[in-house]
Amino acid sequence: MAEETTPTAATSASEPGLKRQLSQAVAWNAVFTPLKFVIDTAANLIKANLLLPAEIGALSVVSSAAASAGIWLDLGIEQTLPKFIPEAEHAGGRGAARRFLRQIISFKLLILLFAIVALPFWGGSLLRQMRAGAAQLADKYGLSAVGPLLEQLDRYGWVFLLTIAALIVLGALYDTLLAFLVSFFRQKAWNIINAFATLALPLLTVMAVLLGWGVIGVLVAMIITPVLSVLITWSHVRAISRERGGSAGEAAVPRDLWRRFVPYTAMGLLISGTEYFSSSQFVALFLGGDNLQAVAVFWIIYSFIKQVQGYVYTPLRGIQVPLFTRIRASNNQNLDRAWGTLMRLILVLVLPAAVGLSLLLRTLILIQFPAEYLQALGFGLVLIPFFFSEPFWGLGHNLLMVQEQYRPVMLSRLCALISIPLLIWLPPHVGLWGIAIAIGSSKMAAGLVVVSTAMRRYQLRFPWRFALKVALASLVMGLVVGGGVWLLGDLGTAASIAQRIVYCAACMALTLAGAITFVLLARLLKLIEPADRALLQELRNPMARRLIRLL
């Protein structure tokens, strides 16, 4: 085995160039997008059609409780790792990066231990709420509205608590190890692991439901999936460690890194903590375990829209923080160029997708879900523009965090807290619409602060002329898709499986027609600018060349 070299030499000798790393990350993200979208769509179909709304609500409350605990117990560490793992390796060598990761995992496990000890107290209160909610539904609609849920809550309450505990611990390990992969642009492994985790849960859920195990069987599936995911992720992390460090031992982590890591982590906690108050987990717990049917309707539609938005944006996911970190290391050379290109790519990805989803949403709900979920249509239409604008806010946030400009980030997080009074005041007056407005407006208020500050501080610009071109192309595409929806007609709430399949094929055809229309208009309007073309060509990415030819 070769001897350990100096940190600088090790980095330059073992890592491919930034352009090659970036292109590989983009490519692997894009390759796995269709697969993950299909798997998640299948998961939503399974949950909505094979389980009762009360059962979905109970499962949503359990997962929300675990996620909520995980957010606060993480202490902001997870989102800081993609920045500091590469810095630990650069400053102290591969051994320092290895020790840094081990110390982080040990610390998180110690914190989680205290939460697990207290779980019977706060978890028991949650169980009592769910049982009260199931009993109310049974009194109102009969036992058929809740199935065996009441009995399972009484006899197997410990399984619900065990699931929450397992999700907290395994989720913390999984997120930490996954952050390690993202730090070194291992998008291939990152996507394989995510695809496995996404596929395993719906498959195990189907098995549990078909075997008659109900909610308890799904809870067991929720435990098995992260166990396997952690084991697979750990094997990838070990392989990368051997690849990058061989058999070399650990080395001391530079003290300067820890001095910067602590305030950065505190900022991460402030960010995740304030974001929590506009998250689906907070809303599910806010609606309460005693309102299981409302939780189910909210959860299914929210998850579907978030799923579409997330996978539209997937080609750029996990790239910004490492990219901005390396740009900062070069004294911010080409920052304006990278910012402009990322802004234009986000516009091309999200704006036409938001228009198309808005036009197809009613039909897609009726195709996939039982009729009772249609009551959330207005909620979904309000939520779409808020969700699809999130990537812009994330761009400014990530840049300021990498540049360690914490004051505007803190101000933006304080703005996000407006979701709390809005959630208290709006839903009683306008129902689910109020929830969409509350969580969406808080995200937008926080995002405007960080984007405007980043643009002003680093003399960056928003591509207004480009945005107008994209808006024009999206408008024409919307006319094509909207006209097709009008000609297709309404599916109705009592459609047969055969009718749903026909409408599903029609929606796929309309989506394809809309995509073709947008691409043709993009070429006519010359959306690819010279700076973007030059950057994409420098990346030497086959997908970039195809994008140039396409647009």
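Start by selecting Lys306: its relative accessible area is 29%, so Lys306 is partly exposed. Buried means under 20% relative accessible area, exposed means over 50%, and partly exposed lies in between (1.4 Å probe, protein chains only). The model on screen is predicted: local features need pLDDT of at least 70, side-chain atom pairs count only at pLDDT 80 or more, and totals for chains, interfaces and linings use all residues. Residues are numbered from 1 along each chain as its sequence is written, and side-chain values use heavy atoms, with hydrogens and water left out.

**Stop 1: Glu390 and its partners**

The term stands for a side-chain nitrogen of Lys or Arg within 4 Å of a carboxyl oxygen of Asp or Glu. Glu390 sits in helix H16 and Lys306 in helix H12 (residues 292-312), 84 residues apart, so this pair links distant parts of the chain. Helices here are DSSP runs (H or I, at least four residues), as strands are (E, at least two), numbered from the N terminus. Is Glu390 buried or exposed? Glu390 is buried, with a relative accessible area of 17%.

Lys443 belongs to helix H20 (residues 432-457) and Glu390 to H16, so the pair ties together parts 53 residues apart in sequence. Lys443 counts as buried, at 18% relative accessibility. Show the three together: Lys306, Glu390 and Lys443 are linked in a network of salt bridges.

**Stop 2: helix H16**

Select residues 390-402. At 1.5 Å a residue, the 13 residues of H16 should span 18 Å, and the end C-alpha atoms are 18 Å apart, which agrees. The expected span is 1.5 Å times one less than the number of residues. Colour by accessibility next. Of the 13 residues, 12 are buried, so H16 is largely enclosed by the rest of the structure. Among the buried ones are Phe392, Trp393, His397 and Met401. Then step past the helix to Glu404, which follows H16 and has a positive phi, near 60°.

**Stop 3: Asp490 and Arg362**

How many salt bridges does the rule give? The count comes to 3. Select Asp490 and Arg362 for another of them: the closest N and O atoms are 2.6 Å apart. Asp490 lies in the loop between helix H21 (464-488) and helix H22 (497-525), and Arg362 in helix H14, so the pair ties together parts 128 residues apart in sequence. Asp490 is partly exposed at 46% relative accessible area. Arg362 is also partly exposed, at 32%.

**Stop 4: the nonpolar core**

A nonpolar core is a set of buried Ala, Val, Leu, Ile, Met, Phe, Trp, Tyr and Cys residues joined through side-chain atoms within 4.5 Å. The largest has 149 residues; Phe160, Tyr373, Phe379 and Phe388 touch the most other members. Helix H14 (residues 335-368) gives the most to this core, with 18 residues. Zoom to Phe379. Beyond neighbours within four places in sequence, its contacts (heavy atoms within 4.5 Å) include Phe298, Tyr302, Leu432 and Trp433.

**Stop 5: Arg128**

Finish on helix H5 (residues 94-141), which holds Arg128. Arg128 is exposed, with a relative accessible area of 58%. Draw a distance to Leu153, 25 residues away along the chain: the C-alpha atoms are separated by 8.7 Å.
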